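Where does a folded chain leave open space, and what lines that space? The report below takes up this topic for the structure shown here.

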Amino acid sequence: YFNVVHDTNRPFIVAGNDARIEVLGTSFNVNTTSGKNTIQVILTTGKVSLYFNDNLSEKVILKPGEQAEISTIEKKIVTTPNLDPNYMAWKTGVITFNNSGLDNVAATLEKVFQKPIKLENQQLANCRLTAVFDNQSLTSVLHVIQATLDIEIKQENGLILLGGKGCN
């Protein structure tokens, strides 16, 4: 996560492979773990310019509330609205679920707490959760989910397994 003040004399540029993120006075999040050869940029405030080092003429300006997927292999930048309310949860500690499927809940918790969390069966993905967690531990969050959705939680070799019959 970067929070940078613009300085025309000394531009702040984040480089990854040939991809460049030039800061124009802003706060934004960069994720290089979202996929192989992919960089995800989510803008919170201000604006950033995205481009490839060998193609300065095709810059993409990202606006607040937008995200970009930068493919370093295809040399392609795709922007979309950021619809993930939890993209900063790892920093703020606030996790929000609004009628979210348990598969999405597990994926979010895995990112926030850096612990592998898997569903034992696909029927569990149909279970829906609406809740807000404010700086709660993973154990506390899992207990709430367990009680709310009537599921089982097991830990095996560092892996957290969510089990049960699932939902219709």
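On a 1 Å grid over the protein atoms alone, a pocket is an open set of points where a 1.4 Å probe fits, with protein on both sides within 12 Å along at least five of seven lines, and lining residues have an atom within 4 Å of a point. This is a predicted model, in which local features need pLDDT of at least 70 and side-chain atom pairs count only at pLDDT 80 or more, while totals for chains, interfaces and linings use all residues. Residues are numbered from 1 along each chain as its sequence is written, and side-chain values use heavy atoms, with hydrogens and water left out.

The largest pocket is lined by 25 residues, and those nearest its centre are N31, D84, N86, Y87 and K111. Two or more lining residues come from each of β3 (19–31), β4 (38–52), β8 (94–101) and α2 (102–113), where helices (H or I, at least four residues) and strands (E, at least two) are DSSP runs numbered from the N terminus. The largest share, six residues, is given by α2.

The second largest pocket has a lining that includes K115, H143 and I160. At least two of its lining residues are supplied by α3 (138–149), and at least two by β11 (152–156); the largest share, five residues, belongs to α3.

The table gives volumes, each being the space filled by probe spheres set on the points, which are joined across faces, edges and corners. Its classes count Ala, Val, Leu, Ile, Met, Phe, Trp, Tyr, Cys and Pro as nonpolar, Asp, Glu, Lys and Arg as charged, and the others, Gly among them, as polar.

| Pocket | Volume | Lining residues by class |
|---|---|---|
| Largest pocket | about 590 Å³ | ten nonpolar, 13 polar, two charged |
| Second largest pocket | about 160 Å³ | four nonpolar, five polar, one charged |
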